[in-house]
Structure formats: C-alpha cells, structure tokens
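I open these notes to keep track of what I looked up in this structure, entry by entry.

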Amino acid sequence: MSACLDISGLSAVLPNGQRVLRSVSLSVQSGEVRALVGESGAGKTMIGKAVLGVLPSSVRIVEGDIRLEGEDLGRLQPKARRTLIGARTALIPQDPLTALNPSRRIGSQMTDRLVRILGWSGERADTRIRQLLDEVQIRDPDRVLKSYPHELSGGMRQRVLIAAAFAAEPRLIVADEPTTALDVTVQKQILRLIVQLQREHGTAILFVTHDLGVVAKISQKVSVLYAGKVVEEAETAALFAAPQHPYTRALMAATPRYTDPFASLKPVDEAVLAGLAAEIAVADQAWRRPHG
Amino acid sequence: MDEGRAPRRRVSPRLWLAGGWLLLALLAAIFAPLVAPQDPLAQDLMLERLPPFWMSGAEPGYWLGTDSLGRDLLSRLIFGGRIAFVVAFAASIAACLVGSTLGLISGYFGGWADRVISRVVDVWMAFPPVLFAILLVAVLGTGLSSVIIAIAVIDWTRFCRVIRAETMGQSRMDYVENARIAGYGRIGIMLREVLPNVVPSIVALLSLEMGIAVIVEAILSFVNLSISTDDPTWGGIIAEGRLSIHQAWWVLVFPLITLILTVLSFSQFGEALKTRFDPVLR
C-alpha cells in the first residue's frame, strides 16, 4: 500500500503568531480510513481544510508539506493545485444544510462538477449520479434530482452529498464530522453508508470526528489531536486495547456508556491537561529556537 | 415535505392589486395617444378648472376635470406616466447594473476591492440624495437623459450595499467552499453559485428602486428641473395644482394619488417577486 495522503511536519500560524497546527504528521494509505479525533478547537477541521486547499486566508502554513499521491501540494502552481485537489479529493461536509446551493436543483449541482470540471458528457454524468444515488439507497432518484435542497430532509441531503463525494471516484475523501449535524438514528445509517461505499470504491478517508464511538466503528488507524499537536497515533484496535497517552485514556474515560447510564460524566483530569500544556510548551520552545 | 414538493403558494391579493395597478398604468402610458381622452397640451380657457365627473359643473370627456389653463387632467396624468415609467425603468436598471456588479465584487472578493468600493459608497451616501439630484441635473442640464443619469448615479449605492452584504453572507456558506474544493474558479463560483442566491434581493430592490425613481423624478419636475416644461409630468402637475389648491383641489389630489399608488405598488410588487424568485420561500 502506498500513501494516498502524507502530511509531514505541518505547522500553521495565525496572524498574531500563535501556532494552530504544531508539526502535524500523519498519513492515510490508499483505501484506508484514518480517524482524526480531538476536542473542538484542536485543529482537526483545520487539517482537513489544509489538505483540500481551503484554509481561511488568515491561517498561514509556515512549515511542512502535504503530499497527495506523492505530489507536493505546496510546490504546485495554484491552478495546478486546484485541478489536482478537485480531481483526486472530495469533502463530505459537517452540515448538510448549508453544503448544497439553496437555489439550484440537486441534479444540476451534482452533474455540474462532473461535466464542467472533469469534462464528462452530460449523459455519462447523469448515469453516474443515478448509480451513486442508488448506492446511497435513495429510492426515487427522479424526485431527488429535481428537488431543491430545502425540499429534502437533513439525512437525505447528507446522502446526496455522500453520493456527490464518491461520484468522481476521488482517491481521498475528507469527512468532516459528517454525522454531527444529524439525528442520532440517522447518524448510524449514514456511517454505515460511508463505510460501505468506502469499501466498494477503495477510497481513502480522513475521518474527522470527536466521537470515539465512531472512531472504533469506522477507522483502521487513529490520530489523537490536542491543540494542533498529534499526541498519539496507533492502529484503532491497538489504541482501544491499550491507549498510551494519558490524554487518550482520559478521553476514553470521558465517553458516556450505556452500560452505566447514571455515572456522572468524567471531565479530562486537571493533571492530564497540565501535562499536555507542558508538552506543548516544550514543543513550542523547540520550534521557536530555529524560527526566531 | 416527505411526499413531493410543498405546494406553491397562491398569488397573494397584494401582488394582484400592485401588479394590476402597474399594468394598468403602464398600458395607459404606452398607448397614451390612443387612450387619453383629450390632447394633454390643448389649452381652453373656457374650460378652466372643470371639476371631476361626479361633481356639478363637470363636462363629459373631462373625467378628472381640468387645470387652470383648461387642460384635461386625466390626459395629462396618462402622458405624465410615460415619462415616469421611462425614468423608472431606465434609471433603476442602470443603477442596478452598476450597483449589483460592484456589490457582488466587493462582497465576494473582499480585500482591497471591498475596501475601495465600500469607502466610495460611504462617501457617496453622505450626500443628501435629493440635493445631489438637483445639483446633478443643474450641472447636466435638464432633459430626460440627465434625469435618468442623475437617479442612476445617486442610487447605485443602494444596490451596492445590500448586494455586498448578501454576497458576503452567501460566500461564507459551505457550498461555496465545496465548489472551491471541486476546482471551480473564483469568477465561476461568483456567477454560478453566489449570484443565483442574491437574485431575489436584486429583483426586490429593483422594483423598490423603480418606485424611488418615480418619486425623485416627480420631485425634480416639481422644482422644474426635469423635462421641458411643456411635457406633462406628475411632479409638474402637482406643482401647478399646489397653486390652485383652493379653487381646484383635484389638480393636486389626483396626481398625488397616482404617484402614491404607483410607488406603493412598485414596493409591494418587489416584495412579492422576491418570494417567487426564492426557492426556499416559494
């Protein structure tokens, strides 16, 4: 297996010099699901955006590189980079309610990309889209294709977005908390769909989430992120069997369990947070020395 | 929402009334020579200050009475509508094209383009609009085209502001980011993804602006700065009517009613159109 996505030593700063990503390294092999867990603000989404080339203009990458199937994105001209990212990656977004253009019909939004960006014929795009809608178990494609986004439920819209993401056969999909905005009952179906399509298409997925339960179900490898730093990285099974970092252990302990519904929620221990803060301070110092 | 689409809302009475009045006024203006009962310029001092048809002393054929020079009021209103509508359409469309384009660029690209355009708009809006209009017409000289240019020059900022804000809101939506990931160019995203979402606002503003243009044109002709004094304009008739309010109130009241109905209809029509153009509200 070759690396589909390889991020090495990626650091990014805000205009005030604060580091939001701290020498992040992670790789996703072809056809593999890599989960990226962490609490909100840990920089999970930021990594996803960096890979897809849509970082906010205030965030600047100062170090490290991102390789997509061996191509160093930082070395490409903007236009070439956009073409490459457009052809080989896709996003399954967090909020299906705002990720579809409200004033365009689903059908034209889905085929447009295949036709205009990838140069497919309209007929081929249409066939492809219908095939994908079938794969995400949408039973009445005609109605859905003719609908405007607001005419579909959240779960339906997320199915449409999943279908759209897989339609162009990307090598890598970034799934940015794709189930967070959905109903709990719908979440499970959507997760199952993503896993199923991922297996059938052999697509690599960088799965951003804060839910360890989802991590266990879906991924082969995990990176645990805290304050923009990867604190632990392991095979999923190994991580759940024997978490190495105290923060990972605290996260696992913090997950509420059905088996013990009346136990109070356990926040991450103060000592663990202090340890993390120290770890980050050391890393920042080491980083600042050569960077002034 | 489960089965099929939500049924289309029926056309509201508001839209019917507003649209009906506008259509009536527009048709009357277009076919003015055919529908006007009298020559709007023909003076006849024997027929001066005839009252409207329901009052004693009214003459058949002079439905809304005559002014102090014996000219038929209804015919003058109908012919005045020609100028009102020409100005309304031409000035609003010009203001809309300039303002919306700049607003779209300003809102979507941000950065220095936004800074420059926004500052210009701020400075522009600091001038009192009517004073600005009078000044402009005074400089450009009276005439139909100067009135149109003056209104467009003053009111493009209205479009620019609103469309800029709308565009900024839309540009932050995830679907725009999605389009960027898919590899669309910036201009393409602006035109294909963002523009359709601001069209409802553009349409509503356009209709509102037509009403405003009608008022501004009336104000300019009221102060005798619009078209040549011979051609009847609503503002001109109002100015004349003001002088004879005690002898012939109708010369003031009917053009006022016409003006108010037209302006109200434009704004109501705009609101109704907005909901029709917007797939979410529809």
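Entry 1: The model I am reading is a predicted one, and I started at A:Glu69, which is partly exposed, with 16 other C-beta atoms within 10 Å. I looked up where A:Glu69 sits and found it in the loop between β4 (60–68) and β5 (71–72) of chain A. Its phi is near 45 degrees, a positive value in a residue other than glycine. I noted this because most residues other than glycine have a negative phi.

I then turned to chain B, where B:Arg49 has a positive phi of about 50 degrees although it is not a glycine. B:Arg49 belongs to the loop between α2 (32–35) and α3 (73–109) of chain B, and I recorded it as partly exposed, with 16 other C-beta atoms within 10 Å.

**Entry 2: the antiparallel sheet of chain A.** In which order do the four strands of the open sheet stand? I read the order as β2-β1-β4-β5 in chain A, with antiparallel pairing. At the edges stand β2 (19–29) and β5 of chain A, each with a single partner strand, so one side of each is left without a neighbour in the sheet. Inside this order, strand β1 (residues 3–13) of chain A pairs with β4(A) in the antiparallel sense over seven bridges, and I picked out A:Ile7, whose bridge partner in β4(A) is A:Ile66.

I also followed A:Ile61, which is found in strand β4 of chain A and is partly exposed, having 16 other C-beta atoms within 10 Å. Once neighbours within four places in sequence are left aside, A:Ile61 is in contact with A:Leu10, A:Ala12 and A:Ala50. I checked A:Ser30 against A:Ile61 as well: the two are 31 residues apart in sequence and 25 Å apart in space, C-alpha to C-alpha.

Entry 3: Is strand β7 (residues 172–176) of chain A mostly covered or mostly open? I found it mostly covered, with five of its five residues buried. A:Leu172, A:Val174 and A:Asp176 point one way from β7(A), whereas A:Ile173 and A:Ala175 point the other way, and all are buried. I set beside this the general rule that in a regular strand the side chains alternate between the two faces of the sheet.

For the pairing, I recorded four bridges joining β6(A) to β7(A), which run parallel, and A:Ala90 standing opposite A:Ile173 in β7(A). Five bridges join β7(A) to strand β8 (residues 204–209) of chain A, also a parallel pair, and here A:Leu172 stands opposite A:Ala204 in β8(A).

**Entry 4: the core.** Which residues touch the most other members of the largest nonpolar core? Of its 145 residues, I found these to be A:Leu206 and B:Ile151. Not counting residues up to four places away in sequence, A:Leu206 touches A:Leu5, A:Val28, A:Arg34, A:Leu36, A:Gly48, A:Val51, A:Leu172 and A:Val174.

**Entry 5: where the chains meet.** I counted 23 residues of chain A in contact with 18 residues of chain B. On the chain A side, the elements that give two or more residues are α2 (78–88), β6 (89–92) and α3 (106–117) of chain A, and the largest share, four residues, comes from α2(A). The residues of that side divide into 10 nonpolar, eight polar and five charged.

**Entry 6: record annotations.** An unreviewed UniProt entry places the feature "domain: ABC transporter" at residues 5–252 of chain A; over that span I find 42% helix and 26% strand, with the end C-alpha atoms 27 Å apart. For chain B, UniProt (unreviewed entry) lists "transmembrane region" at several spans, including 83–110 and 130–154. Residues 83–110 of chain B are 96% helix and 0% strand, and their end C-alpha atoms lie 39 Å apart. Over residues 130–154 of chain B the chain is 88% helix and 0% strand, yet the end C-alpha atoms are 9 Å apart.

Terms used
Residues numbered from 1 in each chain as written. Chains lettered and ligands numbered in written order. Predicted model: local features only at pLDDT ≥ 70, side-chain atom pairs only at ≥ 80, totals over all residues. Contact = placed C-beta atoms within 7 Å. Nonpolar A, V, L, I, M, F, W, Y, C, P; charged D, E, K, R; others polar. Buried ≥ 20, exposed ≤ 12 C-beta atoms within 10 Å, placed from the backbone. Pairing = 2+ DSSP bridges. Core = buried A, V, L, I, M, F, W, Y, C linked by C-beta atoms within 7 Å. UniProt positions renumbered as here; feature names shortened; annotations may be inferred.
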